[in-house]
Amino acid sequence: AYAIGCVLAIALGVLMGRSRAVHGLFEPLVEVLRPLPKPALLPPLMLFLGLGTAMKVTAVALGVFFPVLINTIQGVRGADRIMVDTARTFQHS
């Protein structure tokens, strides 16, 4: 569950950090869902997913997703352009 949440958050975070169009598309959704307390999402998860493994995996993935997403976006946007251009010059990206 932790790996699933991290992989999805990092993938979306890199896309949102590099593309203004993707950021504009997903940013409102992220800002609506992020402040919701994750324990408040447990009753709807139990209702739709039951009490099995799927609910547990989803709950942990949601708990991991938003902190990793926000940090990934900030990391991608905060990368120094000179360093990125230097890495491209030396064919590291």
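Here are some friendly notes on the structure above, point by point.

1. **Ground rules.** This is a predicted model, in which local features need pLDDT of at least 70 and side-chain atom pairs count only at pLDDT 80 or more, while totals for chains, interfaces and linings use all residues. Residues are numbered from 1 along each chain as its sequence is written, and side-chain values use heavy atoms, with hydrogens and water left out.

2. **Length of H4.** Helix H4 covers residues 53-77; helices here are DSSP runs (H or I, at least four residues), numbered from the N terminus.

3. **A bend in H4.** At Phe 65, H4 bends by about 30°, the bend being the angle between axes fitted to the seven residues ending there and the seven starting there. A proline, Pro 67, follows within four residues.

4. **The buried side of H4.** Which residues of H4 are buried? They are Met 55, Ala 61, Val 64, Phe 65, Phe 66, Val 68, Leu 69, Thr 72 and Ile 73. Buried means under 20% relative accessible area, exposed over 50%, and partly exposed in between (1.4 Å probe, protein chains only). These buried residues pack against helix H1 (2-18), helix H2 (20-33) and helix H3 (42-49). As a reminder, an α-helix has 3.6 residues a turn, so residues three or four places apart point the same way.

5. **Thr 72 as an example.** Thr 72 is part of helix H4 and counts as buried because its relative accessibility is 14%. Not counting residues up to four places away in sequence, Thr 72 touches Ala 9, Ile 10, Gly 13 and Val 14, where contact means heavy atoms within 4.5 Å.

6. **His 23 and Arg 20 in H2.** His 23 lies in helix H2 and, at 19% relative accessibility, counts as buried. Its contacts, leaving aside neighbours within four places in sequence, are Met 16, Pro 28 and Arg 77. Arg 20 also lies in helix H2, but Arg 20 counts as exposed because its relative accessibility is 72%.

7. **The largest pocket.** The largest pocket has a volume of about 300 Å³. For the method, a pocket is an open set of points on a 1 Å grid over the protein atoms alone where a 1.4 Å probe fits, with protein on both sides within 12 Å along at least five of seven lines; lining residues have an atom within 4 Å of a point. The lining has 12 residues, and Gly 17, Arg 18, Val 76, Arg 81 and Val 84 lie nearest the centre. H1, H4 and H5 each supply at least two lining residues. By class, the lining divides into 4 nonpolar, 3 polar and 5 charged residues.

8. **Gln 91.** Although Gln 91 is not a glycine, it has a positive phi of about 55°.

9. Asp 80, in the loop between H4 and H5, counts as partly exposed at 43% relative accessibility. Pro 43 is found in helix H3 and is exposed, with a relative accessible area of 52%. Pro 43 and Val 32 are 11 residues apart in sequence and 18 Å apart in space, C-alpha to C-alpha.

Technical notes
Expected span 1.5 Å × (residues − 1). Points joined across faces, edges and corners; volume = space filled by probe spheres on them. Nonpolar A, V, L, I, M, F, W, Y, C, P; charged D, E, K, R; others polar.
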